[in-house]
Amino acid sequence: MSPCEPLPTSAAASKQQASSPGSESESDSSSHFPGIDHIQSLLTKYDITTNGFLPEGPPLEVLPDEYYAPWENLIRRLPALLDVGAFRAEVDDRLAVLEADRLGTWKEEEWRRAYVVLCFFAHGYIWGGARPSEVLPPQIAVPLVAVSSHLDLPPIATYASLNLWNFRCVPESSPSTTSCSLSTDLSLPPSPPLTPAFSSTSQPTTNKFKFDPTNLSNLRTLHTFTNTPSESWFYLVSVAMEAQGAYIIPTMLYALQAIGLGSSDPDWKDTTTKALRELVKCVEAVGELLERMYEGCEPMVFYHQIRPFLAGSKGMGGVGLPRGVFYDLGAAMGEGHVGEEEVQGQRRKGKWMAYRGGSNGQSSLIQFWDLVLGVEHVSAGNSSPHSSSSTSSSSTTAEKGEQQNMKPFHEEVREYMPLKHRQFLALVSKMGLGKGGIRKAVMEMVETATDHEGRDLNQKEVELQKAFQDATRALANFRNKHLQIVARYIVIPSRQAVPEEYKKKWKSGSGSGDEETGGKDGEEVVNLASVSSGLQQGHGREGGKEDEEKKDGGHVHGPGPGPELMGTGGTALLPFLKQTRDETLKAGEVGR
Ligand code: HEM
């Protein structure tokens, strides 16, 4: 089956399955739940593990080939070097261009590990100086382009590099340095559809883990930019959320499959109702984890120290990257290739690239929920917590043109998800009755009963309709919790004066470009605090009427060195997030 081929959920497929030789002798679970084997093999095929979109086992912590020791040594020193503004110099003066072709040809974990390391290097290099660097040197750009092309991910930090592949687990009582081993068995437990592996309400019946990845005290990050507990916590909350959400994936696939089987599966309404009820519990449990963000991540540290490092290169004209970043591919480009030009005073071969920064908005789990329910998002959004792509006075003409042709946010960020997860979401969007998820099935059910058959909904139908509405409300509540977080971590800090401790200037001479671009003593430079403010500028300074924290029409408090902050220009951040919440609520309006 090709990656995007829909599941055989039609009645024809069902008949074929029912009459196929051997179907009688299938295992108990398969005969009770038609297609269970098929769903399990699909999950394996699309890299959906018992941890959901997280890997089955812990991500690789060190590249085994000694050849890559320079990367491993450097990543360990990254926060310390960034702290003193010495990371760029270290790369420029001491790091060789290592080739990616020594990474294990069949060991995907090695490519993932290299991607994690190189993404941290890339963002450390771009943002770890007096001004953002317009050039990514060959030592980082050459292997990063090769590794991301192998993984089919953009050469920029993504949710995969920061979260999904950047954690390790420790037994609860162990010192933080001891890692524990996970099961590497890729097969799924032969559990029936509505028996989750990890649920808020039930403990795993077949626990193949030696730890519970939903438990934050079992998790540690592999890498951070700042070595702060806040940064680790920021990444790990997402890891725990992904793990908590894992069990619902097969559950919802069974429901969609039952819907697809339709009349040949008389239980489809029951199955779907039960799955939706389980989804409500799951979304609530994941939401509880989201709210634990407050426990370990300090808003001011997030806003002034962490967030600036996560910025991408797209729409960043306001903070000094009007063309994005030039990936200097040096000799790798060979003769006769396009892209030789003078950048920062040198002839270089390479390419300008502009990408969104790392964002939890790239989580496949939340999009999975949307697709299953049939929630549609149409806004292009404008911003990432870490990147800015809104129209502002400092946007270049190219940026403005690009913004007019933007894809919806949720569609665009699929490109930032691991290939198989992207393909999985494309597949899910065609399951059930085709595009429209459970919403379409519920709407058709209501229409058939009320319009065509002229009757009230029967009890099972009422239950299904209610379960569907409850599920969309639960997801909208989740988005409300997220909105509160965005207010606390971005909106409020952006309106407060920059604390002295965050006004630190990078030392001049901290590596490429600082001298040429003005990172000299006494000269105003783009420091970390102003990058975050610049990102906020991209978010449009939150001018929405409903904005709970709105105080003065969106004018900027605080000194804000660096680019002048905008008023309410551009598409605002909170309106975008409120729109995604409202689209969720709207999806629940069936049969009213
Ligand atoms: C301090 C914590 C967080 C902050 C400040 C934050 C901020 C933001 C911002 C600014 C956006 C706008 C869209 C974009 O990415 O450009 C966004 C979107 C999003 N974020 Fe977060 N976020 C945080 C934590 C999380 C976590 C832990 C998750 C869960 C995986 C998450 C999931 C999402 C999703 C799914 C979107 C897309 C919009 C939607 O579908 O509703 N965020 N976030």
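Predicted model: local features only at pLDDT ≥ 70, side-chain atom pairs only at ≥ 80, totals over all residues.

Me: Which residues of the largest nonpolar core touch the most other members?
Reply: The largest nonpolar core holds 143 residues. Within this core, the residues that touch the most other members are Leu118 and Ala122.

Me: How do the residues of the contact of α4 with α6 divide into nonpolar, polar and charged?
Reply: Helix α4, residues 69-83, packs with α6 at an angle of about 35 degrees, the axes being 10 Å apart, and the crossing of the two is left-handed. On the α4 side the contact is made by Trp71, Ile75, Leu78 and Leu82, and on the α6 side by Val117, Phe120 and Gly124. These residues divide into six nonpolar, one polar and no charged.

Me: Why does α11 count as roughly parallel to α19?
Reply: Helix α11 (residues 268-291) and helix α19 (residues 459-494) pack with their axes 9 Å apart, at an angle of about 15 degrees. Angles under 35 degrees count as roughly parallel, so α11 is roughly parallel to α19.

Me: How many charged residues are in the contact of α11 with α19?
Reply: The helix α11 passes α19 in a left-handed crossing. The residues of their contact include 14 that are nonpolar and five that are polar, while the number of charged ones is 10.

Me: Which residues of α17 make the contact with α14?
Reply: Helix α14 (residues 364-373) and helix α17 (residues 419-428) have axes that come within 10 Å and cross at roughly 10 degrees, which makes α14 roughly parallel to α17. From α14 the contact takes Ser364, Gln367, Phe368, Leu371 and Val372, and from α17 it takes His421, Leu425 and Val428.

Me: Is isoleucine 438 buried or exposed?
Reply: Isoleucine 438 has its place in helix α18, residues 437-452, and it touches, among others, Ala255, Ile259, Leu276, Val372 and Phe468. A residue counts as buried if 20 or more other C-beta atoms lie within 10 Å of its own. Isoleucine 438 has 29 other C-beta atoms within 10 Å, and is therefore buried.

Me: How many Å apart in space are glycine 245 and valine 286, C-alpha to C-alpha?
Reply: Glycine 245 lies in helix α9 and is buried, with 27 other C-beta atoms within 10 Å. Among the residues that glycine 245 touches are Gly52, Cys282, Val286 and Leu365. Although glycine 245 and valine 286 are 41 residues apart in sequence, their C-alpha separation in space is 6.5 Å.

Me: Where is asparagine 227 found?
Reply: Asparagine 227 has a positive phi of about 55 degrees although it is not a glycine. With 14 C-beta neighbours inside 10 Å, asparagine 227 counts as partly exposed. Its place is in the loop between β3 (219-221) and α9 (229-245).

Me: What is the phi of aspartate 47 near?
Reply: Aspartate 47 lies in the loop between α3 (36-45) and α4 and is partly exposed, with 18 other C-beta atoms within 10 Å. For this residue, which is other than glycine, phi has a positive value near 60 degrees.

Me: What percentage of the residues of the protein count as buried?
Reply: The protein has 22 helices and six strands. Out of its 592 residues, the share that counts as buried is 51%.

Methods. Residues numbered from 1 in each chain as written. Core = buried A, V, L, I, M, F, W, Y, C linked by C-beta atoms within 7 Å. Buried ≥ 20, exposed ≤ 12 C-beta atoms within 10 Å, placed from the backbone. Axes fitted to C-alpha atoms, helices over the stretch in contact; angles between N-to-C directions. Helix = DSSP H or I, 4+ residues; strand = E, 2+ residues; numbered from the N terminus. Parallel < 35°, antiparallel > 145°, perpendicular 65-115°, else oblique. Left-handed = near helix turned anticlockwise from the far one by under 90°. Nonpolar A, V, L, I, M, F, W, Y, C, P; charged D, E, K, R; others polar. Contact = placed C-beta atoms within 7 Å. Lists of a residue's contacts leave out its neighbours within four places in sequence.
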